[in-house]
Every structure is written in structure tokens, then in C-alpha cells.
Amino acid sequence: MKKSLINIITLSLSIVNLIFMVVIVFAIVPTMNNTNEFIKKISTAVDLELENSYATKEDISNISVDKLDVYDISKQLVFNLKKGADGRDCVIVVNVSLLMNIEHKDYATYSATLAEKESLFTSTIIRILSSYTMDEVRANTDLIREEILHAIQDMYQSDFIIDVNFSDIKYQQQ
């Protein structure tokens with residue numbers, strides 16, 4: 001008698017579970033699909049960029065070293081950073097280099113004129129770096145490099161430059 005009662009309870013719970021699964025499949029899943037389509041339409045109407053159109057770190061790791069070219073900015077950059085919380089001025093001295101993909105379709109076009117356009121991207125680098133305090137630069141170097149990279153890529157309207165590197169960074173508070 002006990003076994004029969006347990007079997008009936010188990011069977012009834014299984015049937016209730018099956019009913020709930022059917023409700024989920026026919027009620028909730030179509031609603032989720034409709035919501036997803038609605039979000040796609042809104043993002044299309046607003047023209048949101050869903051993917052980054054420029055190179056990412058994953059793209060860089062897939063390029064072999066012999067297909068990369070490095071352009072070192074000819075002069076060491078020396079300029080003031082934004083005043084910190086203590087109100088003291090800080091000077092930064094940094095060497096900057098640009099990493100380029102030599103197989104990119106725009107490489108041949110733009111790489112020959114990098115020396116001529118150096119003042120343009122040097123001023124961009126200074127403008128971006130000088131908007132940060134010394135502590136922010138130390139804590140967020142990778143984010144700042146990405147910001148500079150995207151600004152230079154926007155300037156050229158191309159992603160043949162795939163990374164910005166800082167070397168020999170020195171800070172001095174005054």
C-alpha cells in the first residue's frame with residue numbers, strides 16, 4: 001500500500017513537472033525571442049555599434065612577429081600631467097612606439113607618412129595622457145594605451161596600427 005502511494009505521488013509530480021515544462025516552452029521562450037528581436041530593432045534604429053571595428057588584443061596575438069612593424073616616436077615626450085589630489089604638479093617623461101600590422105591593406109599607404117604626421121599623433125598622446133593624474137596613469141596604463149590607440153585609429157580611419165606601447169616611463173612631482 002505504501003509503495004503504491006509513493007508511486008502515485010511520483011507519477012503525479014512527474015506529470016506536473018511535464019506540464020510546467022510545456023508552459024515554459026510555449027509561453028516564456030517566444031516572449032524572450034520577441035524581446036530579443038525588439039532589442040535588435042532598437043539598436044539598429046539607434047545605430048549602435050555592437051562590435052568593435054578596430055583591432056583588439058586577441059587580434060594582435062594572432063599576428064606573427066615577422067608581420068609586425070614598430071614605429072618609435074623620434075623624441076622623448078616630456079609634459080605635465082593633471083594635478084593630483086595633493087595639488088602638486090607632476091611631469092611625465094615617456095617614450096612611445098606604435099605597433100603596426102604590415103599585412104594590413106592601409107599599411108603601405110600610411111606607414112610612409114608616419115614621420116610627417118608624427119606631430120599629429122604626438123599631440124593626441126599628450127592631450128590624452130595630460131588629462132590624467134600620475135596615480136591614474138600608474139593604475140590604468142592599459143586603459144589609457146587603449147584610449148590612445150582608438151584615438152589614433154580614428155585619426156587614420158584605419159586599424160593598421162594595432163597597439164601603442166610606453167617605455168622608459170618616469171614621473172617627477174614638483
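## Exercises on helix H4 and its packing

Buried residues of H4 pack against strands E1 (68–72), E2 (77–81), E3 (90–101) and E4 (161–173), and against helices H5 (134–139) and H6 (141–156). Contact means heavy atoms within 4.5 Å. Helices (H or I, at least four residues) and strands (E, at least two) are DSSP runs, numbered from the N terminus.

The model is predicted: local features need pLDDT of at least 70, side-chain atom pairs count only at pLDDT 80 or more, and totals for chains, interfaces and linings use all residues. Residues are numbered from 1 along each chain as its sequence is written, and side-chain values use heavy atoms, with hydrogens and water left out.

**Exercise 1.** Find which residues of H4 are buried and where they lie around its axis.

*Solution.* 
- Step 1: apply the cut-offs. Buried means under 20% relative accessible area, exposed over 50%, partly exposed in between (1.4 Å probe, protein chains only).
- Step 2: Glu118, Phe121, Thr122, Thr124, Ile125, Ile128 and Leu129 of H4 are buried.
- Step 3: look down the axis. The buried residues of H4 fall within an arc of 160 degrees, so they line one face of the helix. The arc is that of the directions from the helix axis to the C-beta atoms.
- Step 4: turn to the face away from the buried side. Exposed Ser119 and Arg127 sit there.

**Exercise 2.** Check the span of H4 and of H6 against 1.5 Å a residue.

*Solution.* 
- Step 1: set the rule. The expected span is 1.5 Å times one less than the number of residues.
- Step 2: take H4, residues 118–129. Its twelve residues should span 16 Å, and the end C-alpha atoms are 16 Å apart, which agrees.
- Step 3: take H6. Its 16 residues should span 22 Å, and the end C-alpha atoms are 23 Å apart, which agrees.
- Step 4: look past H6. Gln157 follows H6, with a positive phi near 55 degrees.

**Exercise 3.** Describe how H4 and H6 pack.

*Solution.* 
- Step 1: get the geometry. The helices pack at an angle of about 145 degrees, with axes 10 Å apart. Axes are lines fitted to C-alpha atoms, for helices over the stretch in contact, and angles run from 0 to 180 degrees between N-to-C directions.
- Step 2: name the residues. H4 gives Leu120, Phe121, Thr124, Ile125, Ile128 and Leu129; H6 gives Ile144, Glu147, Ile148, Ala151, Ile152, Met155 and Tyr156.
- Step 3: list the buried residues of H6. These are Ile144, Arg145, Ile148, Leu149, Ala151, Ile152, Gln153 and Tyr156.
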